[in-house]
Amino acid sequence: MKETAFFAQILGITRPWFISKVILNKEAQRVDIYVEHSSGFAFPCPECQRLCSVYRHTKEREFRHLNIFQIATFIHVRLPRINCPGHGVKQIISGLEERERVQSVAMDMWDPYVAATKAYIPQAQKKITFDRYHVMRLLVDAVDKVRKQEHRDLTEHGNSILKGTKYLWLWNEENIPEYRREEFESLRSMDLKVCRARAIKDNLRHLWDYHKEGWMRGYFSRWYFWATHSQLIPIIKAAKSLKSHVDNIAC
Ligand SMILES: [Zn+2]
């Protein structure tokens, strides 16, 4: 498998987006991944879904992705802007901001990753571990399910406070755009289920603060207790799925 195809699979990059270049710097333990969209692609206006051609791009942006195989991973992308006749200039959010979105529920999250790893790395069998990115993806998906359910429940009572907030809960906090921070802070001060789910997800990041396996396991069992007592079904499911894989989580 080619490097670009491998990373596209790992990162979940799909058409019209593709990886144009991968620069792996082994000494620096860093990989730079350049993402582009195919030319001539019409993107839907975020407001009305009307397909509009791209009229310009932002400057190249670099953002930090969660590590892949413990290698610092940076994504480079220029985001397209469209000019919708009804809504004017709109920036398109690439599939990358939503890259932490997990695919459908039915899919076993580990399988594509395992397959890609086997294809890419000789003797992968012994080296396969589930890294931070994949663990966090599982939790991000659970947070999204909690949000959907809560949004449905609130809407039934005429409360649309969660409308349009999907990515606020999925983005890592440092990736929340400046102009939406206030909105995020105000939602966070409310007693929302999605907020609790997100706190549980965010907390799991500390798993990688521990360098001794015993401590990591200790941390995980405390986290697991918290998650499984949250009364948030998707979070409980994710925690249980993680527990069954915990031996293979990379520290
Ligand atoms: Zn529009």
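Biologist: How many helices and how many strands does the chain have?

Modeller: The model is a predicted one. Of the 251 residues of its chain, 23% count as buried. In terms of elements, the chain has nine helices and eight strands.

Biologist: What percentage of the contacts between residues at least 6 apart in sequence join residues at least 24 apart?

Modeller: The contacts considered here are those in the chain between residues at least 6 apart in sequence. Among these, the share that joins residues at least 24 apart is 59%.

Biologist: Which residues does Leu139 touch, not counting residues up to four places away in sequence?

Modeller: Leu139 is among the residues with the most contacts inside the largest core. With residues up to four places away in sequence left out, Leu139 touches Lys201, Leu204 and Ala238.

Biologist: Are H4 and H7 roughly parallel or roughly antiparallel to each other?

Modeller: The axes of H4 and H7 come within 8 Å and cross at roughly 175°. Angles over 145 degrees count as roughly antiparallel. H4 and H7 are therefore roughly antiparallel.

Biologist: By class, how many charged residues does the contact of H4 with H7 have?

Modeller: On the H4 side, the residues are Leu139, Val140, Ala142, Val143, Val146, Arg147 and Glu150; in H7 they meet Lys193, Val194, Ala197, Arg198, Lys201 and Leu204. By class, this contact has eight nonpolar residues and no polar ones, and the charged residues number five.

Biologist: Which strands are the edge strands of the open sheet?

Modeller: Four strands form this sheet in the order S3-S4-S7-S8, with antiparallel pairing. Neighbouring strands are turned by 50° against each other on average, direction ignored. The strands that pair on one side only are strand S3 (42-44) and strand S8 (88-91).

Biologist: Which residue in the turn of the hairpin of S3 and S4 has a positive phi?

Modeller: S3 and S4 run antiparallel and are joined by three bridges, with Ala42 opposite Ser53 in S4. Six residues lie between the two strands of the hairpin. A positive phi of about 70° belongs to a residue in the turn, Gln49.

Biologist: Which residue in S7 is the bridge partner of Arg56?

Modeller: Strand S4 (residues 51-57) and strand S7 (residues 80-84) run antiparallel and are joined by three bridges. In S7, the bridge partner of Arg56 is Arg81.

Biologist: Is Pro80 buried or exposed?

Modeller: Pro80 has its place in strand S7. Leaving aside neighbours within four places in sequence, Pro80 is in contact with His37, Phe43, Val54, His57 and Ile92. A residue is buried if 20 or more other C-beta atoms lie within 10 Å of its own. Pro80 has 22 other C-beta atoms within 10 Å and is therefore buried.

Biologist: What distance separates the C-alpha atoms of Pro80 and Thr58?

Modeller: Pro80 and Thr58 are 22 residues apart along the chain. The separation of their C-alpha atoms is 6.4 Å.

Key. Residues are numbered from 1 along each chain as its sequence is written. This is a predicted model: local features need pLDDT of at least 70, side-chain atom pairs count only at pLDDT 80 or more; totals for chains, interfaces and linings use all residues. A residue is buried if 20 or more other C-beta atoms lie within 10 Å of its own, exposed if 12 or fewer, and partly exposed in between; C-beta atoms are placed from the backbone. Two residues are in contact if their C-beta atoms, placed from the backbone, lie within 7 Å. A nonpolar core is a set of buried Ala, Val, Leu, Ile, Met, Phe, Trp, Tyr and Cys residues joined through C-beta atoms within 7 Å. Axes are lines fitted to C-alpha atoms, for helices over the stretch in contact, and angles run from 0 to 180 degrees between N-to-C directions. Angles under 35 degrees count as roughly parallel, over 145 as roughly antiparallel, 65 to 115 as roughly perpendicular and the rest as oblique. Ala, Val, Leu, Ile, Met, Phe, Trp, Tyr, Cys and Pro count as nonpolar, Asp, Glu, Lys and Arg as charged, and the others, Gly among them, as polar. Two strands pair if DSSP finds at least two bridges between them.
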